[in-house]
Every structure is written in structure tokens, then in C-alpha cells.
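Keep the sequence and the model open while you read.

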Amino acid sequence: MLIFVAIVLVGTSGILYYSLSNYAADDSGNNQKAPSYRPKFISALAGGGNQRLKGPMGIALGNDALYVADSGSGHLVIISPTGTFKKVIDVSAQAGGARPVGVAVDRDMRIYVSTLGAEGAIFVYGSDGKFLYRFPEGTSDEGSVSVLPGRPIALCAANEKLYVTDVLDQDVKVYDLKGRLITRFGRPGSDKGQFLYPNGITADRQGTIYVSDSNNARVQVFSGRGEFLNVVTGSEKEAMALPRGIALDRGGRLHVVDMLKHKVFVFTKDGRFISTYGGFGTTGKGLAYPNGIAIDTRNNEIFIADKLNNRIAAWK
């Protein structure tokens, strides 16, 4: 059953860890014992006082800082992993009123921000917060005109590449960091390799690409060349509803934020269900329409953009 949903929420960010089940189901429907996974809630970040987030959506990690696409305020907010505000960048002013929705940071500390309202625009900032350029800019190495994304949403900087989900073209575009299009894959639909509102995206060190196919209520897995490999929909007892942010932890587990179920689904890299954590709530461990997720693989600390709660929460 397809789910056609268009949601624009002003909200919050939260970060959570939980484990409610120790069983996984493979594609044949057989139950397999999965390793126990029971992280603990640490704290909520940037959720009160004068320095309060307003509808955070995207989140990324880099250089011991959290980069938050705060859609309600129109800002890119940089905070410490303990919640101290470091810098606020007015993306909306740069983008003619467009709101930031996705963010990624490359190894040279360039910050990439996608926006809702500035079609095809990805804005790039230096580590000091100074605007550098719109990505991709100019021409490719071959001299041809760069291929612009139609409406970029989620971003991932990994493997010297920028991975972009595009909800206008209903595809994924992969660029090198100079802006040259390496590959693109997907088209509108619900078959394997097709998308309806592709959202969260991440890639592992081997180049395997994981995409939250939001309105098809699933995650799709592709090779680095864009070849379809696998599809993940949930557990035997509970299907995903609206998957958004997606990230891999140090143990290779795949964390998928479900905005409508207000929780995070956890799978093995081959798609077997492990557990869920979170659940609807406005304080403590609760989530309300969460969107983005980032995981510090050095210490396995998880940060979730808890959109309607206007905060980031941390689990470990």
C-alpha cells in the first residue's frame, strides 16, 4: 500500500536510543535472533532558554560540533555535543527567504545546506560560517554545464562525494566535491529502484547507499553505481510509515527515523529488524515528528532532530 503524504511541520529536534525487541526477520519471513541493543537516554539539547531551536530538520556532525538545519528560524545553528550554541548562520537571508532542511559537512569542514523554497539550491559555507558558493557551481572538469538538483532535500558527505536526494526529479544524485555529477538513479514510482519523495540518505565506507523512500514507506539499498540491492520495510509486527533521517552506527546498524511513528527503527546492514526506540512524547525520551539523525561513530552517541519538540536529544 502506497502512502502519499506531504507534511510541513514546524518543530523540534530530539536524540534517542532504545531497544524494544531482540528479533530480526529476514526476507523469507524467518525469525532470527539479533544481538541485544539497549542504549540509554542522555539528555535533550538546545531545547530551552533564549537559544532555542525552532523546527530543526537536518543534522550533521563534524569537528566536535553539531550542525542543525533549523527550518523554523531559517538558520543553520552550530552547537557543541553538550548543547552550547557556537554560531548561528542566517541561511534564509542568503537564500531569499528559503528555509534550510538538510545539512552535511565534508572532511575539509565545508558545510552544505539544502533549502526548501530556493529550487535547486545547495548553499556552501566555510568552517567560519562565511558563505562560499552555491553547489554545484560553474562547469564540470569536462567543461559541460553542471547538473543541478531540482529540489534537494537530504544530503550526505562521504567518500569524497556529496549524495543528494531530489524530490522534484524523484531520484538520487551523486556528485564529487567539485560539483561534477558522478551518477544519478531512480524515477517516480513504487517498484524496486523507484522513489516517491526520497528523503534521508547515507553511505558506508564501501560506497553502499541507503535511501529513505518516504512515501513508499521503505528504505532502499543501492550499490555505489546505483544498482538496486535490497528493500527494508520494518519488522514482522510493525511496518514503517514515513521514514526520514537515516544513519549507520559504529556497529554497522542502520537507524531510520520514522516521522509519523515518532520513533527510530534499527536494522542490520542487510535489512534484518533489530529494535525500535523512542515513541511519541514532548519531554524526556519522547519524540514528536522527528526528522534528522546523526551518529558519532567514535562513541556511538546518537542525535535526533526532534522537530515538533524544538530540540536535539542524545542517547548512548
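## Sheet and cores

Strand S18 (residues 218-222) pairs with S19 in the antiparallel sense, over 4 bridges. Strands pair if DSSP finds at least two bridges between them. Strands (E, at least two residues) are DSSP runs, numbered from the N terminus. Within this pairing, Val219 has Val232 in S19 as its bridge partner.

This is a predicted model: local features need pLDDT of at least 70, side-chain atom pairs count only at pLDDT 80 or more, and totals for chains, interfaces and linings use all residues. Residues are numbered from 1 along each chain as its sequence is written, and side-chain values use heavy atoms, leaving out hydrogens and water.

The open sheet has 4 strands in the order S16-S17-S18-S19, with antiparallel pairing. S16 and S19 stand at the edges with a single partner strand each, so one side of each lacks a neighbour in the sheet.

| Edge strand | Residues |
|---|---|
| S16 | 198-203 |
| S19 | 228-232 |

Now the cores. A nonpolar core is a set of buried Ala, Val, Leu, Ile, Met, Phe, Trp, Tyr and Cys residues joined through side-chain atoms within 4.5 Å. Buried means under 20% relative accessible area (1.4 Å probe, protein chains only). The largest core has 19 residues; Tyr67, Leu76, Val103, Ile111, Val113 and Tyr125 touch the most other members. Strands S5, S6, S8, S9 and S10 each give two or more residues to this core. S5 provides the largest share, 3 residues. A second, separate core has 14 residues, including Leu45, Leu66, Ile79 and Ile312.

Conventions. Buried < 20%, exposed > 50% of the residue type's maximum accessible area, 1.4 Å probe, protein only.
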